[in-house]
Amino acid sequence: MENNILSTPKGSVTVGESEIRSNRHQTKQKGIKLKKPKSILIAILLIIMGITAIGSGGKEGILNTSVAVLAAVIVDLILAVILKHKIKVPDGAILTGLIIGLVLSSSIPFYQTAITATVAILSKHFLKIKKKPIFNPAAFGLYFAILIFSSGQSWWGGFSLLPSWCIVLLLISGYLITEKVNKFPQVFAFLGTYFLIYLILALTPYNNTVDALDALRNPYINSVLFLAFFMLTDPPTSPAKYKDQVWFGIIVAVVSIIDFALFQGLAYLLVGLLFGNAWKAWQSNWKAKGSRN
């Protein structure tokens with residue numbers, strides 16, 4: 001083995017090439033930790049919030065989102081103390097609050113926004129299997145808000161209040177985060193299934209149940225893309241293996257469309273995602289039991 005001289009503050013030592021490679025690998029790993037997907041997603045959502053707020057000429061959205069983030073962070077830190085978890089930067093809570101604020105209508109009362117964020121964080125801490133949340137916290141909180149408050153959801157984070165060409169910005173930012181968390185099979189399966197079913201419905205004669213063209217109209221298309229890129233891809237509540245990602249995306253799309261056909265409204269995407277989350281949790285638990293037997 002080739003040896004090398006390594007200078008240190010206490011003198012020079014001789015080390016092997018394998019040790020140097022190991023040190024380089026550790027250095028790269030440290031660098032990777034500085035670029036966590038959550039940090040990147042938080043930055044992207046903040047940029048989206050700024051662009052949308054400036055383009056729509058309103059500050060209400062920023063205020064409502066700030067309330068959601070603040071409530072999520074406070075509840076998350078309190079629960080960390082009560083449950084004796086390690087105190088760390090609550091980036092997950094910040095992310096949950098941002099998504100909730102960017103989906104809820106900016107005109108709803110602040111207390112509803114705060115309660116929505118609180119319920120989302122509670123679900124993250126208490127609805128768990130193997131220390132992982134079953135449901136996407138933001139989706140759970142938003143669906144709760146619909147059931148309890150009938151809270152309006154504009155999905156303004158999907159540029160639904162801006163000109164249609166702004167979808168390009170959504171696609172670019174969505175690509176960046178999807179690539180970072182390695183969820184392309186999941187996103188493609190969801191979007192492909194979603195639009196294929198609507199295409200089939202559009203070509204079906206005497207279709208009086210679902211207006212297939214709604215899938216391509218604002219705010220439906222904006223909300224679909226926002227959910228696909230920023231909520232569907234949540235690592236703790238979605239599969240890691242490519243095969244499971246494909247099934248997950250298909251299930252969420254099919255359930256979403258069925259719910260839309262039956263009940264209309266914008267809650268159908270949340271229903272589909274929560275159903276997919278439940279399927280993922282059941283599958284993981286089933287596989288774990290099978291491996292023990």
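A pocket is an open set of grid points with protein on both sides within 12 Å along at least five of seven lines, and its lining residues have an atom within 4 Å of a point. The views below come from a predicted model.

**View 1. The second largest pocket and its lining from helix 11.** This pocket has a volume of about 330 Å³. Its lining counts 18 residues, and Lys-132, Ser-238, Pro-239, Lys-280 and Ser-284 are the closest to the centre. Two elements, strand 4 and helix 11 (268-292), each give two or more residues to this lining. Helix 11 gives the most, with five residues. Sorted by class, the lining holds eight nonpolar, three polar and seven charged residues.

**View 2. The largest pocket, with helix 4 in its lining.** About 960 Å³ of space lies in this pocket. It is lined by 35 residues; closest to its centre are Lys-38, Lys-88, Gly-92, Lys-124 and Pro-236. Elements that give two or more residues to the lining include helix 2 (37-56), helix 3 (60-82) and helix 5 (110-126). Strand 4, helix 6 and helix 7 are also among them. Helix 4 supplies the largest share, six residues. The class count of the lining is 18 nonpolar, six polar and 11 charged.

**View 3. The largest nonpolar core.** The core has 67 residues. Leu-45, Trp-155, Phe-190, Phe-226, Phe-230 and Met-231 have the most contacts inside it. Helix 9 (residues 220-230) gives the most to this core, with nine residues.

**View 4. Contacts of Met-231.** Neighbours within four places in sequence are left aside here. Met-231 is then in contact with Ile-99, Asn-136, Ala-138, Ala-139 and Leu-142, among others. Its contacts also include Trp-155, Phe-226, Leu-270 and Leu-273. Of these partners, Trp-155 and Phe-226 are listed with Met-231 among the residues with the most contacts inside the core.

**View 5. Lys-131, a positive phi in an exposed residue.** Lys-131 is not a glycine, yet its phi is positive, about 70 degrees. The residue lies in the loop between strand 3 (128-129) and strand 4 (132-133). Lys-131 counts as exposed because its relative accessibility is 77%, and the cut-off for exposed is over 50%.

**View 6. Phe-159, a positive phi in a buried residue.** Phe-159 has a positive phi near 65 degrees and is a residue other than glycine. Its place is in the loop between helix 6 (137-149) and helix 7 (167-181). Phe-159 counts as buried because its relative accessibility is 2%, and buried means under 20%.

Technical notes. Residues are numbered from 1 along each chain as its sequence is written. This is a predicted model: local features need pLDDT of at least 70, side-chain atom pairs count only at pLDDT 80 or more; totals for chains, interfaces and linings use all residues. Side-chain values use heavy atoms; hydrogens and water are left out. A nonpolar core is a set of buried Ala, Val, Leu, Ile, Met, Phe, Trp, Tyr and Cys residues joined through side-chain atoms within 4.5 Å. Buried means under 20% relative accessible area, exposed over 50%, partly exposed in between (1.4 Å probe, protein chains only). Helices (H or I, at least four residues) and strands (E, at least two) are DSSP runs, numbered from the N terminus. Contact means heavy atoms within 4.5 Å. On a 1 Å grid over the protein atoms alone, a cavity is a set of points where a 1.4 Å probe fits but cannot get out, and a pocket is an open set with protein on both sides within 12 Å along at least five of seven lines; lining residues have an atom within 4 Å of a point. Grid points are joined across faces, edges and corners, and a volume is the space filled by probe spheres set on the points. Ala, Val, Leu, Ile, Met, Phe, Trp, Tyr, Cys and Pro count as nonpolar, Asp, Glu, Lys and Arg as charged, and the others, Gly among them, as polar.
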